[in-house]
Every structure is written in C-alpha cells, then in structure tokens.
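Please take a moment to look at the chain below, and then follow the paragraphs through its sheets, its rings and one annotated region.

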Amino acid sequence: MLFCPYCSNYLTIGAPEGTNRWQCSSCPYIFAIKKEMTSRTHLKRKEVDDVMGGEAAWENVDKVPAVCPKCDYGEAYYRQLQIRSADEPMTTFYRCVNCKNQWREN
C-alpha cells in the first residue's frame, strides 16, 4: 500500500494513457510506474500458549488404574478440568505412566 506524500490518502493504480501509474483520488498527485514494483512483508508468528498447562500441570497429580490405549499399560496419572459450561460435568484427562500418551474420558 502506498500513500500520497502530500495529502496522505491511499494511492490507487490507474492506466488512462496506457501506462500504469499511482494516482491520488483527492489531489492531483501522480507517480508513473516505470519498472516492476514488488514488496514483501514477512509476518512474525505469535507464540502459542499451552492451554492445558504443559508439563507443569502434571506435577503432583494422582495415579489411577486405567489402561493406556496406546501401550496397554495399566496405570495412568489423571486430572480433571472444567472445559465446558458449569452445568456440564468435568472432563477427566489421563496420562500414561509408561509412555506419557494423553487421552481424555468421553
């Protein structure tokens, strides 16, 4: 996007005489395009937060007998979170003691 150096309005592209040019819609400013114009902006990706708390959330949690769907180990850590509205039951999340696979109770 380019802006007019005189009135700061957005410049549009026009080609009234067969040549491309930037022109201002509110003042008589015209800039003839004589060569190819390109610009590239690399956007920085924002950091993603771990909404489940990451590794620190699994510290000091209890173990229960639960079979891991990945390795069939019979013990898992568990914790409960309220992820839906208050009138819905809490969701139980499990993490295998053996392979650290995570799943939730449906």
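Two strands are said to pair if DSSP finds at least two bridges between them, and the strands themselves (E, at least two residues), like helices (H or I, at least four residues), are DSSP runs numbered from the N terminus. The model is a predicted one, in which local features need pLDDT of at least 70 and side-chain atom pairs count only at pLDDT 80 or more, while totals for chains, interfaces and linings use all residues. Residues are numbered from 1 along each chain as its sequence is written, and side-chain values use heavy atoms, with hydrogens and water left out.

With these terms in hand, we can turn to the sheets. Strands of a sheet pair through backbone hydrogen bonds, either parallel or antiparallel.

E2 and E3 run antiparallel and are joined by three bridges, and Arg21 has Ala32 in E3 as its bridge partner.

The next stop is an annotation. For residues 4-27, an unreviewed UniProt entry lists "zinc finger region: C4-type"; UniProt positions are given in the numbering used here, feature names are shortened, and annotations may be inferred rather than shown by experiment. In the model, this span is 0% helix and 33% strand, and its end C-alpha atoms lie 9 Å apart. Cys27 lies in the loop between E2 and E3. Leaving aside residues up to four places away in sequence, Cys27 touches Cys4 and Cys7, where contact means heavy atoms within 4.5 Å.

Finally, consider the aromatic rings. Rings of Phe, Tyr and Trp (its six-membered ring) pair if their centres lie within 6.5 Å, and planes under 30 degrees apart count as stacked, over 60 as edge-to-face and the rest as tilted. A search of the whole structure finds three such pairs. One of them joins Tyr6 and Tyr29 edge-to-face, with 5.5 Å centre to centre and 65° between the planes. This pair links distant parts of the chain, 23 residues apart, since Tyr6 is in the segment before strand E1 (11-14) and Tyr29 in the loop between strand E2 (21-24) and strand E3 (30-32). Tyr6 is exposed, with a relative accessible area of 66%, whereas Tyr29 is buried at 18%; buried means under 20% relative accessible area, exposed over 50%, and partly exposed in between (1.4 Å probe, protein chains only). Tyr94 and Trp103 form a stacked pair, 5.5 Å centre to centre with 20° between the planes. Tyr94 is buried, with a relative accessible area of 13%, and Trp103 is buried as well, at 18%.
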